[in-house]
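Student: I would like to learn how to read the inside of a protein model. Could we go through one together?

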Amino acid sequence: MGWFAKTKLHKIRDNGKSKVIIFIHGFTGDPYKTWKQDNSPKGLIELVKLDDELEDFDIYTFGYRTGFFGKQYDFKTVANLLHTEIAARMPEKEVVFITHSHGGIVAQQYVVFLSDKQEQKTKNIKGIIYLAVPFSGTIGGTFIGFFNQQAKAIGVFTELLNDMHIRWQVNESGMNFSQLLVSGARDGVVSAASSKPAYMHKSNVEIHDIDTGHVDICKPIDSQDTVYQLIKKFLRNIKSENASVPPMVDWVHGIDKQQFAEKYTHLLDWTEYVDFESSPRKLPSSSEWEKELFPQIQEIITDWEKNWA
């Protein structure tokens, strides 16, 4: 994108869908050029946009200052700027990140930022795709870091990167989203150890190696490309997971018992506490509300927060 460019989300497609894909490029990358081969009319962004099976997703690409020269931001600052952009433009959307290299570190720092702030928006994150991400840093970052702040932050064993790893693992139990990690077998920039660290070997992380290098891994030629097939499968699973969640239906019997066609999730029978035929009318007492009715409502709230919210 260049050292002079303004950090922002660029719209590719916005049809008012509830889910959005956000592309995040890497060091020296570009919000558009990163994702396709030189002189190619179509790349990863276009393949996703033109795929009828993925039309339920809006699409944006995130650009930020990067490059060897000029004023650069470290990944923590970039993640904070990403947070501002999402909060301003799509605060309620469910987000899937597709990231390359340094962009994956930005996405993880964004999640850590939300988790540390205990923001409920972590539930809006539905997935992260990592393409050749240097989770444990790069030797190149260490050398270039002598004159570049952005590269310095992702050098080997940097304090900023180590702190992010610690915060990620501390908050990991609350990260209820899927992750896809793809490494290039011919990657000469990010080592295998850095692209597949131990802390990422979890049940919710799908890990693959493909026969490609660091730059080309995010530039599929067509829809039959292996990396695109993996990405599409991942996105389709997220789509089907969301579609499979049934609505919560709660029945409350008050004056009398009614029968409804809908299948209920919870049934509360309060008929013993209510009688409008008696004189005076019978309603739940304060003690009954406290000991009987409120606890029933709280059980429903807990179930909602765990399985629906």
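This is a predicted model: local features need pLDDT of at least 70, side-chain atom pairs count only at pLDDT 80 or more; totals for chains, interfaces and linings use all residues.

Student: Which residues have the most contacts inside the largest nonpolar core?

Tutor: In soluble globular proteins, nonpolar side chains tend to be buried together. Here the largest nonpolar core has 37 residues, and those with the most contacts inside it are Ile 22, Ile 24, Leu 82, Phe 97, Ile 128 and Trp 168. The elements giving two or more residues to this core include the strands β2 (19-24), β3 (57-63), β4 (94-100) and β5 (125-131). The largest share, 8 residues, comes from α3.

Student: What does Phe 97 touch?

Tutor: Leaving out residues up to four places away in sequence, Phe 97 touches Ile 22, Ile 24, Leu 82, Ile 86, Ala 107, Tyr 110, Gly 127, Ile 128 and Ile 129. Another core, of 28 residues, lies apart from the largest one; Leu 44, Val 48, Ile 59 and Leu 235 are among its members.

Student: How is α2 placed against α3?

Tutor: Look at the axes and the angle between them. The axes of α2 and α3 come within 8 Å and cross at roughly 65°, so α2 is roughly perpendicular to α3. The crossing is right-handed. Among the residues that meet are Phe 75, Leu 82 and Ile 86 in α2, and Ile 105, Tyr 110 and Phe 113 in α3. The residues of this contact divide into 10 nonpolar, 4 polar and 1 charged.

Student: And how is α3 placed against α6?

Tutor: The axes of α3 and α6 come within 9 Å and cross at roughly 55°. Therefore α3 is oblique to α6. This crossing is left-handed. On the α3 side, Ile 105, Gln 108, Gln 109, Val 111, Val 112 and Asp 116 take part, and they meet Leu 161, Met 164, Arg 167 and Trp 168 of α6. By type, the residues of the contact are 6 nonpolar, 2 polar and 2 charged.

Student: Is His 100 buried or exposed?

Tutor: Compare the relative accessible area with the cut-off. His 100 has 8%, so His 100 counts as buried, which means under 20%. His 100 is found in strand β4. Setting aside neighbours within four places in sequence, His 100 is in contact with residues including His 25, Trp 35, Leu 131, His 214 and Cys 218.

Technical notes: Residues are numbered from 1 along each chain as its sequence is written. Side-chain values use heavy atoms; hydrogens and water are left out. A nonpolar core is a set of buried Ala, Val, Leu, Ile, Met, Phe, Trp, Tyr and Cys residues joined through side-chain atoms within 4.5 Å. Buried means under 20% relative accessible area, exposed over 50%, partly exposed in between (1.4 Å probe, protein chains only). Helices (H or I, at least four residues) and strands (E, at least two) are DSSP runs, numbered from the N terminus. Contact means heavy atoms within 4.5 Å. Axes are lines fitted to C-alpha atoms, for helices over the stretch in contact, and angles run from 0 to 180 degrees between N-to-C directions. Angles under 35 degrees count as roughly parallel, over 145 as roughly antiparallel, 65 to 115 as roughly perpendicular and the rest as oblique. A crossing is left-handed if the near helix is turned anticlockwise from the far one by less than a right angle, and right-handed if clockwise. Ala, Val, Leu, Ile, Met, Phe, Trp, Tyr, Cys and Pro count as nonpolar, Asp, Glu, Lys and Arg as charged, and the others, Gly among them, as polar.
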